[in-house]
Amino acid sequence: MGEQRFDVWAAGAAYERYMGRWSRLVAEEFAEWLDCAADLRWLDVGCGTGVLSAVVSARCRPRTVLGVDRSQGFVRSARIAAPGPAHFVVADAMSLPLRDGTWDAAVSGLTLNFLPEPTAAVAEMARVVRPGGLVATYVWDYAEGMGFLRRFWDAAVEVAPSARTLDEGRRFPVCRPERLRAVWLDAGLTDVSTTPIEVPTVFDGFADLWEPFLSGQGPASGYVASLVPADRDRLRDTLGAALPRRPDGSVELTARAWAVSGRKQGDMGTPRRGIRKQASQQ
């Protein structure tokens, strides 16, 4: 699916409050699920502010990590925030400026649904990993499991039914396990598996949930920015009335992502989830 005018991702600080604080929790679970061996060469495609690159650097004992993103603003933020051995460049996920078969693992976090041709993007990731190499990603479950976004779009449609066409749950059908599996198989990958990753999203109060929607980052907040003040206030009030509140005013929801992994056909060269254990038994 092509990018729409609301799909804006550029400002690292704004992204951190809107989505980064939750995506970091998912990245931790994702890295644990992959359970890769140390000393691998990792590529993080659509690295954003470097959340996944930082987790890989901290948890996976990599030889090197390269993050690529087409947003210069995100790459600047990633260079500041992510530790070595990660480094970052501005590049297009659909045409990676990398040689064939030179990476052990190509991963991506919360990016696939925003790329114009998901299968082609995954095939490009597979191109740059070596035979047996890992290709994996995770995406929010916009249709059902991403709690605060699901409630946002339900409120937006209640206020203005025309917002239904912008609902990320409708726009991004690839964010479901069966579709992810199909994309991985269509890209020629084998040993494909999927898993849900669910994390808590606890907001100090309604303002902590609502104000990030005013940042203009991503489809939902881009939609908010397009509204006239009266309609924006109606959406705010409708969303606020629909949320569960704790006695202290905080809001507790959950966010679910779907992860998928597979490997490039060829000799098994990259240890990944389950492979280290098998090797130790031989």
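**Figure 1. Helix H5 passes helix H9 in a left-handed crossing.** This view, like the others, is taken from a predicted model. Two packed helices are described by the angle between their axes and the distance between the axes. For H5 (residues 147–159) and H9 (residues 218–226), the axes come within 11 Å and cross at roughly 35°. On the H5 side, the contact is made by Leu149, Phe152, Trp153 and Ala156. On the H9 side, Pro219, Ala220, Tyr223 and Val224 take part. Sorted by type, the residues of this contact are 8 nonpolar, no polar and no charged.

**Figure 2. Helix H5 also meets helix H10, in a right-handed crossing.** The axes of H5 and H10 (residues 229–242) come within 9 Å and cross at roughly 130°. The two helices are therefore oblique to each other. H5 contributes Arg151, Phe152, Ala155, Ala156, Glu158 and Val159 to the contact. Facing them in H10 are Arg234, Leu235, Thr238, Leu239 and Ala242. The residues of the contact of H5 with H10 divide into 7 nonpolar, 1 polar and 3 charged. An α-helix has 3.6 residues a turn, so residues three or four places apart point the same way.

**Figure 3. Phe152 is one of the residues that touch the most other members of the largest nonpolar core.** The core has 93 residues, and Phe148 and Phe213 are named with Phe152 as touching the most other members. Helix H1 (residues 12–34) gives the most to this core, with 9 residues. Which residues does Phe152 touch, not counting those up to four places away in sequence? They are Trp210, Phe213, Ala220, Tyr223, Val224, Leu235 and Leu239. Of these, Ala220, Tyr223 and Val224 also belong to the H9 side of the contact with H5, while Leu235 and Leu239 belong to the H10 side. In soluble globular proteins, nonpolar side chains tend to be buried together.

**Figure 4. Helix H4 has buried residues along residues 118–128.** Buried here are Pro118, Ala121, Val122, Glu124, Met125, Ala126 and Val128.

**Figure 5. Asp39 has a positive phi without being a glycine.** Its phi is near 65°. Asp39 lies in the loop between H1 and S1. With a relative accessible area of 42%, Asp39 is partly exposed, because that value falls between the limits of 20% and 50%.

**Figure 6. Leu110 has a positive phi although it is not a glycine.** The angle is about 60°. Leu110 is found in the loop between S4 and H4. Is Leu110 buried or exposed? Leu110 is buried, with a relative accessible area of 10%.

**Figure 7. Trp258 sits in strand S7.** The strand covers residues 251–263. Trp258 counts as buried because its relative accessibility is 14%, which is under 20%. Leaving aside neighbours within four places in sequence, Trp258 is in contact with Thr137, Tyr138, Val139, Asp141, Cys175, Arg176, Pro177, Leu180, Thr195 and Pro196. Trp258 and Phe30 are 228 residues apart along the chain, yet their C-alpha atoms are separated by 9.5 Å.

How values were computed. Residues numbered from 1 in each chain as written. Predicted model: local features only at pLDDT ≥ 70, side-chain atom pairs only at ≥ 80, totals over all residues. Heavy atoms only, no water. Axes fitted to C-alpha atoms, helices over the stretch in contact; angles between N-to-C directions. Helix = DSSP H or I, 4+ residues; strand = E, 2+ residues; numbered from the N terminus. Left-handed = near helix turned anticlockwise from the far one by under 90°. Contact = heavy atoms within 4.5 Å. Nonpolar A, V, L, I, M, F, W, Y, C, P; charged D, E, K, R; others polar. Parallel < 35°, antiparallel > 145°, perpendicular 65-115°, else oblique. Core = buried A, V, L, I, M, F, W, Y, C linked by side-chain atoms within 4.5 Å. Buried < 20%, exposed > 50% of the residue type's maximum accessible area, 1.4 Å probe, protein only.
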